[in-house]
4 protein chains.
Amino acid sequence: MKSAEARIRVRYAETDQMGVVYYANYLIWMEIGRVELCRACGFNYRDMEREDGIFLAVAESSCRYRSPAKYDDEVVIRTWIEDASKRMITFHYEMRIEGGAVVATGSTRHVFLNRELQITRLPEKYFPMFGI
Amino acid sequence: MKSAEARIRVRYAETDQMGVVYYANYLIWMEIGRVELCRACGFNYRDMEREDGIFLAVAESSCRYRSPAKYDDEVVIRTWIEDASKRMITFHYEMRIEGGAVVATGSTRHVFLNRELQITRLPEKYFPMFGI
Amino acid sequence: MKSAEARIRVRYAETDQMGVVYYANYLIWMEIGRVELCRACGFNYRDMEREDGIFLAVAESSCRYRSPAKYDDEVVIRTWIEDASKRMITFHYEMRIEGGAVVATGSTRHVFLNRELQITRLPEKYFPMFGI
Amino acid sequence: MKSAEARIRVRYAETDQMGVVYYANYLIWMEIGRVELCRACGFNYRDMEREDGIFLAVAESSCRYRSPAKYDDEVVIRTWIEDASKRMITFHYEMRIEGGAVVATGSTRHVFLNRELQITRLPEKYFPMFGI
């Protein structure tokens, strides 16, 4: 099973007055993780949008917050595909402080949209990349 | 069961290049919804933090994206408490376009933290407000 | 000279670990202010984009931060046009706590873009709305 | 004169429906740039906050948007100090696509705050680091 790691450093903008990362930002990090996984699978998500007009629309997200990430922490986002078909794909994520605790885990389920933002099938050329 | 409605108008900043609201922003809207619910329950969340040193930390979030919200849409966020105890509280959310489609539904589960960000119990004065 | 007022309530997501609003968010509030000014000028900015394919691209922004806005503050954004031509428009902003201190002042200068994101002239129908 | 370079990759969350980076995000990138410059000057901004209780509060920001940054672009943020005293510091920024066009230039002026968020002087130990 393919997986990929992306690294980010927590931005000041991502903290809130509780002194920790605001909870919606973990979903932004998941996006960074899955784009990195696309690269590991052999393609650039940007090109999939631009050249093939295929968009990965989020149908569901879930996140468990385990330990707060803080400003300037280096966070490693590990992403893997749990389930993929020509109609749907599910990514899983584990985010942990470099050399430290897991801060969050989660998943997102996606459908494929065309340029008119209608549900479509994944083009065949991407099947091997997603392990379908 | 108490519920509350908050209204927001979709900001340009909340859209992405797909032309719809970026998926992490729905979690920000959920926060607006639960703060409004606190007001409907008879207290100001800001004061709970300031005066009682009680913080609502998110332990879990989930969201189902049903239909995309778009720039300048007026979105109604309805929030209600499904489950509350002295240790934990779960909020549910339904977000819909004013007079139109449901754009997303979701839930967040929270624990209570003290000023040192350690898990604590909800003070008794809040029991009736949360229906405990 | 036309001016308009918009009101927002500070979101938890907009605060940072300093306990005040993060400085980039004031630019998001400026956007809310100028969209409200468009409404006061007799048109909807969304429709200007959709129907006429005219986009207000920011060429310059500046902001002076005078007093910090805090979580749950109600902020009034007053916006007015200082200078407008068929090629350029400058908005000014004053943001203050409802019934309280000015938190920030600023301005943005914009050019008009067409759907190909090339610089264009403002269509004549908008001249009277912008006071040109 | 000290300068530093930081690199970021444009996130999907940072784009808007115009298909380019939303203008407030450049201020977030400036923050990343100045934190990197602090590192190049021999200290960690996080520690300055935590250990010395000194906060860099933004008093003014300005940005000129020259050419739009787009999703997945790699952006190099070059930051330098133009002016520093025990009461105030001004950072300048140039942001460009790796190997390509300048996307934005700007500056921020800061004052120093203590833990009570009152204006204070920069402690002497930081004078040489900021070239004062």
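Reader: How many bridges join β3(C) to strand β4 of chain C?

Author: In this predicted model, local features need pLDDT of at least 70, side-chain atom pairs count only at pLDDT 80 or more, and totals for chains, interfaces and linings use all residues. Residues are numbered from 1 along each chain as its sequence is written, chains are lettered from A and ligands numbered from 1 in the order written, and side-chain values use heavy atoms, with hydrogens and water left out. Strands (E, at least two residues) and helices (H or I, at least four) are DSSP runs numbered from the N terminus, and two strands pair if DSSP finds at least two bridges between them. β3(C) and strand β4 (residues 88-97) of chain C run antiparallel, and the bridges joining them number 9.

Reader: Which residue in β3(C) is the bridge partner of C:Ser3?

Author: Strand β1 (residues 3-9) of chain C is joined by 7 bridges to strand β3 (residues 74-84) of chain C, and the two run antiparallel. Within β3(C), the bridge partner of C:Ser3 is C:Trp80.

Reader: Which element gives the most to the side of chain B that touches chain A?

Author: Contact here means heavy atoms within 4.5 Å, and by that criterion 25 residues of chain B meet 25 residues of chain A. The two chains bury about 2100 Å² between them, 59% of it on carbon and sulfur atoms, where buried area is the accessible area (1.4 Å probe) that two parts lose on being put together, summed over both. On the chain B side, α1 (25-40), α2 (45-52) and β2 (55-65) each supply at least two residues. With 10 residues, the element that gives the most is β2(B).

Reader: In β2(B), which residue is the bridge partner of A:Cys63?

Author: Strand β2 (residues 55-65) of chain A pairs with β2(B) in the antiparallel sense, over 5 bridges. In β2(B), the bridge partner of A:Cys63 is B:Ser61.

Reader: Which three residues supply 59% of the area that chain C buries against chain A?

Author: Chain C has 9 residues in contact with 9 residues of chain A. Together the two chains bury about 950 Å². More than any other three residues, the contributors of that 59% are C:Tyr12, C:Gln17 and C:Tyr22.

Reader: In chain C, which residue has the C-alpha nearest the axis?

Author: Superposing chain C on chain A takes a rotation of 180° with 0.0 Å of shift along its axis (RMSD 0.0 Å), by least squares on the C-alpha atoms of residues with pLDDT of at least 70 in both. The two copies are therefore related as by a two-fold rotation axis. At 1.9 Å from the axis, the nearest C-alpha in chain C is that of C:Asp16.
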